[in-house]
Amino acid sequence: MRMTKLMEWILVGLLVLSSWIAVLIGKPNYANLNWYYKWFPVIFIFLFAVYAVITVLYRVFTFNNCKAAAIELQNQIKEARADLESKGISFKKQL
Amino acid sequence: MNSSIKDISKQIKYNKYSILLPTYNEVENLPIIIWLIIKYMDESNLQYEIIVIDDGSPDGTFAMAIQLQNLYGKDKIVLRPRTKKMGLGTAYIHGIKYSTGSFIVIMDADLSHHPKFIPRMIKKQKLYDYDIVTGTRYCGKGGVYGWDFRRKLISRGANFITQIMLRPGVTDLTGSFRLYKKNVLEELIKSSVSKGYVFQMEIIVRARQLYYTIGEVPISFVDRVYGESKLGSSEIIQFIKGLLYLFATI
Ligand SMILES: Nc1nc2c(ncn2[C@@H]2O[C@H](COP(=O)(O)OP(=O)(O)OP(=O)(O)O)[C@@H](O)[C@H]2O)c(=O)[nH]1
Ligand SMILES: [Mg+2]
């Protein structure tokens, strides 16, 4: 059976977490350990959140605004209506 | 060798495309979208039929569809109405049942999806023999028009989270402008359970899971001109539920 995405996430999470614990335990003098060893998960999550917010905001502001496509469509709507009316289609609303 | 290549190109030339148009209260949009489909499909010399699945729209969409059928002919415009509103998912299934093409194009009838992209999708499909070609708002020249900051933020945020959680290998999961090989779509519908627009997401993720090949064509999504548009909190909750479901099962 193949793994679900949830199982993949749990597996990778456990691997990372257990390696981190192994590093902590493996160091003989815990008291002298650099702060970022101890705070690794918190730092990781924080950096990821920053990355996520920046990426999403960047993509919102650079989301292509298809003005030309909207104008093209407006013109084609008029063209289509005129053509269809000339062929006998009756529209509900008049423009 | 040479003759087999000829056979294939002959086949491609005579491929028929069934374009499904589910409609609910689209009396203003239906004539325009059909006019545009016919324009672009004829310009590209493609064989096609347009299947209109109207769910008893109170605004007279069906009467308009009949007018259009009288104008363009019963082989071009196929009407497969249902008596009441039963949702998009079943509308597609209903339409596929009556389709005679070997490819299915699914698109909205509200003019958000421009028919000019259909020949591009077909070209891309032919080039790489893709099982599915999906329109994407999120890459290349793709984009949107008429969305405010809130809607863009929700769209981009939801897409970001989905990409991280599911790694689907497709940039636009919730878009519903796509070209499918008919047998592939039938297979995917059989193995999907979601409703609403989570259905679009499930179909494409399942397609990856089943090793179907997927191509992408950038599209410009112009928000509906006529009729009402909605993106409420119920849509968002529906999306989150769907995402978690796929996360746990795919
Ligand atoms: N047959 C049928 N068509 C439907 C039904 N619900 C929606 N549609 C059609 O499906 C297409 C997509 O629906 P929309 O209402 O545009 O949904 P949306 O694009 O998510 O939302 P909007 O922002 O309102 O455009 C349109 O062509 C609708 O007319 C339904 O229950 N039955
Ligand atoms: Mg729409």
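In this predicted model, 14 residue pairs, both members at pLDDT 80 or more, are in polar contact across the interface of chain B and chain A. On the side of chain B that touches chain A, at least two residues each come from helix H2 (29-43), helix H3 (61-72), strand E6 (143-145), helix H6 (149-166), strand E9 (220-222) and helix H9 (233-249) of chain B. Of these elements, H6(B) makes the largest contribution to that side, with 10 residues. By residue class, the side of chain B that touches chain A is made up of 28 nonpolar, 10 polar and nine charged residues.

The contact involves 47 residues of chain B and 41 residues of chain A. An area of about 3,900 Å² is buried between chain B and chain A, and carbon and sulfur atoms account for 66% of this area. Within the area that chain B buries against chain A, 18% is supplied by Trp35(B), Arg156(B) and Phe160(B), which is more than any other three residues provide.

Charged pairs were also examined. Over all chains, the whole structure contains 15 salt bridges, and the count between chain B and chain A is three. One salt bridge is formed by Arg167(B) and Glu8(A), whose closest N and O atoms are 2.6 Å apart. Because Arg167(B) is located in the loop between H6 and strand E7 (178-181) of chain B, while Glu8(A) belongs to helix H1 (residues 5-26) of chain A, this pair joins two chains. Another salt bridge brings together the side chains of Glu72(A) and Lys116(B), with an N to O distance of 2.5 Å. This pair likewise crosses between chains, with Glu72(A) placed in helix H4 (residues 67-86) of chain A and Lys116(B) in the loop between strand E4 (103-106) and helix H5 (117-128) of chain B.

Turning to the individual chains, chain B comprises nine helices and nine strands. Its radius of gyration is 18 Å, close to the 18 Å that the globule rule gives for 250 residues, so chain B is as compact as a globular protein of that length. An unreviewed UniProt entry lists residues 18-188 of chain B as "domain: Glycosyltransferase 2-like".

Chain A, by contrast in its make-up, has four helices and zero strands, and its elements follow the order α-α-α-α from the N terminus on. The radius of gyration of chain A is 29 Å, well over the 12 Å that the globule rule gives for 95 residues, so this chain is more spread out than a compact globule. Along the principal axes, the C-alpha atoms of chain A occupy a box of roughly 90 × 40 × 20 Å. For chain A, an unreviewed UniProt entry lists residues 36-58 as a "transmembrane region". That span of chain A is 96% helix and 0% strand in the model, with its end C-alpha atoms 29 Å apart.

Technical notes: Residues are numbered from 1 along each chain as its sequence is written. Chains are lettered from A and ligands numbered from 1 in the order in which they are written. This is a predicted model: local features need pLDDT of at least 70, side-chain atom pairs count only at pLDDT 80 or more; totals for chains, interfaces and linings use all residues. Side-chain values use heavy atoms; hydrogens and water are left out. UniProt positions are given in the numbering used here, feature names are shortened, and annotations may be inferred rather than shown by experiment. Contact means heavy atoms within 4.5 Å. Buried area is the accessible area (1.4 Å probe) that two parts lose on being put together, summed over both. A salt bridge is a side-chain nitrogen of Lys or Arg within 4 Å of a carboxyl oxygen of Asp or Glu. A polar contact is a pair of N or O atoms within 3.5 Å; within protein, one must be able to donate a hydrogen and the other to accept it, and residues adjacent in sequence count only if both atoms are side-chain atoms. Ala, Val, Leu, Ile, Met, Phe, Trp, Tyr, Cys and Pro count as nonpolar, Asp, Glu, Lys and Arg as charged, and the others, Gly among them, as polar. The radius of gyration is taken over C-alpha atoms; the globule rule is 2.2 Å times the number of residues to the power 0.38.
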